[in-house]
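Morning, everyone. Please bring up the model on your screens. I'll walk through a few places in it.

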Amino acid sequence: MTKCVLVAEFMHETNTFSVQVTDEDAFRNSCCYLDDEVPGAFAGTRTSMGAAFEAVQKFGWRAVHPIVASANPSGRVTDAFFDAVSERILNACNGVDGILLHLHGSMSTQSHDDGEGELLARIRSRVGVDIPIIAVLDLHATVTQKMADNANSLISYRTYPHIDQYERTWQAAELLEKALSKRATPQVAVARRPILYALDGGRTTSPPMMELLRRGDQIEAEGRALVVSIQAGFSSADVQDIGPSIAVTGNDRSSAQAIADELMDYVWDQRKFSSIHFTPLDEAIARAKSGEADATKPLIIADYSDNPGSGAYGDATNLLKAVLDADLQNVGFHAICDPEAVLRAQAAGVGNRVTLQLGGKVDPTMGGGPLEVTGHVVAITDGSFIAYGPMGGGARRNYGLSLLLRVGGVEIIVISHNGQATDPGQFTSLGVDPTRKSTLIVKSMQHFRAAFEPIAREVLEVDTGALSTRNFRERPYKKVRRPIWPLDEI
């Protein structure tokens, strides 16, 4: 008998310190496909949903696909949109034999700190205990007991930058097929410790994560567990269950719990490890200046603290001001998120000069206020292109009406829909060749490395004091469980 499987995606990483609520418009401006639109957008791509549709064909499932929706990290998701998406998924659950979801794992709504736990609980209540639910999560998921209790498996990415959504969804689909054919009875155990931040932020190129992934591979190869998933957690969420976690899927929950606890003890032992090194801003600018004349590859300066990928506003100006004050030449800058400035440049027209109050409008105290600049309007696009880079998978992206503004020797990309620099198309779609620049400025913590580190002569990270600064003690945490390291001595 043909099995009916529900396939859906609902993703948001919520920075609860952000003043920007995430509503329906935020999802529609980023990624939102309904019903029959879904296969056309993702079939044949190396994305999570692309893998899901390949699995549907391989296993002969009949698929229902009510929604694929994601938005750039920002503030809490509105209850109205969360409830609407939940209801759309619940209405598609009737008669399904299994459920395959792509979630983030760190979504918070106006009423629920644990958005995924609430969604999974609603689905479980609708379909009952016998329908297998498998969810693929981001490596930065904040996994809760509620999530574990209402899913049969939680499978997180194993790379940061995240370039394995496709592979992890295939892993999830294969496990779902085993559950549907009664060859597995997956259950999830989760372990945590009183840690706010560890595992080098989840960098899978550094020793703690590499060792945990090695141990997980060995445990799976020995048949001691079906899946071992390591989550670094998301430190910009003021929620009770903040921090790293281990989720182990097994046919027996008690043995899975023992494995999760053992691995989590290693996380505790390694909690102080960090490979992140910030270069003082003035030093980074000086190094860019000294190397620009004979550069054959670009120097990359990454603004860790204004990373839109962690919910920062993407409009902080401290770094841009330093670049312009130093009169750096042959610079590509991605990006300032400022839809108002883009509209003013559009009114001035391509080929003309315009004076703008650029950036710093959401919260001028976070990384610099509005900066007055006069520049040449080089290009304006609708911000839509196909992303073919390591994280793109051949899917379409949309950054809204976008501007290339040339100020002296600096080509500044200004976007209307926020997003970090992860794909060469973010430059080339506006006519900028990133390989030919002396300096590239990107607003990103780590994801930029997949596409841009291979073309760079060197990478420097700076913290300009924007919303995602790594100074945890300056953040107004109120809901996190206490005591917790490093806020408290334990």
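Start at β9. V227, S229 and Q231 point one way from this strand. V228 and I230 point the other way, and all of them are buried. Buried here means under 20% relative accessible area, with exposed over 50% and partly exposed in between, using a 1.4 Å probe and protein chains only. Strands are DSSP runs of E, at least two residues long, and helices are runs of H or I, at least four, numbered from the N terminus.

A word on the source. This is a predicted model, where local features need pLDDT of at least 70 and side-chain atom pairs count only at pLDDT 80 or more, while totals for chains, interfaces and linings use all residues. Residues are numbered from 1 along each chain as its sequence is written, and side-chain values use heavy atoms, leaving out hydrogens and water.

Back to β9. Its partner is β10, residues 245-250. The two pair in the antiparallel sense over 5 bridges. Strands pair if DSSP finds at least two bridges between them. S229 stands opposite A247 in β10.

Next, T142. Is T142 buried or exposed? T142 is buried, because its relative accessible area is 6%. It sits in the loop between β6 (133-137) and α6 (145-149). T142 touches G105, S106, M147, G233, F234, V239, D241 and I242, leaving aside residues up to four places away in sequence. Contact means heavy atoms within 4.5 Å.

Let's go through some pairs. β13 and β14 are antiparallel, over 6 bridges. There, Q357 stands opposite E372 in β14. β14 and β17 are antiparallel too, over 5 bridges. T381 has S402 in β17 as its bridge partner. β12 (331-337) and β18 (410-415) run parallel, joined by 6 bridges. V331 is partnered with V410 in β18.

How many cavities of 30 Å³ or more does a search of the whole structure find? It finds 1. The largest cavity has a volume of about 60 Å³. Its lining includes H334, T381, S402 and I413. By class, that lining has 5 nonpolar residues, 6 polar and no charged.

There is also the second largest pocket, at about 260 Å³. It is lined by 14 residues, with D130, P132, A179, K182 and A184 nearest its centre. Those 14 divide into 7 nonpolar, 3 polar and 4 charged.

Terms, quickly. On a 1 Å grid over the protein atoms alone, a cavity is a set of points where a 1.4 Å probe fits but cannot get out. A pocket is an open set with protein on both sides within 12 Å along at least five of seven lines, and lining residues have an atom within 4 Å of a point. Points join across faces, edges and corners, and volume is the space filled by probe spheres set on them. Ala, Val, Leu, Ile, Met, Phe, Trp, Tyr, Cys and Pro count as nonpolar, Asp, Glu, Lys and Arg as charged, and the others, Gly among them, as polar.
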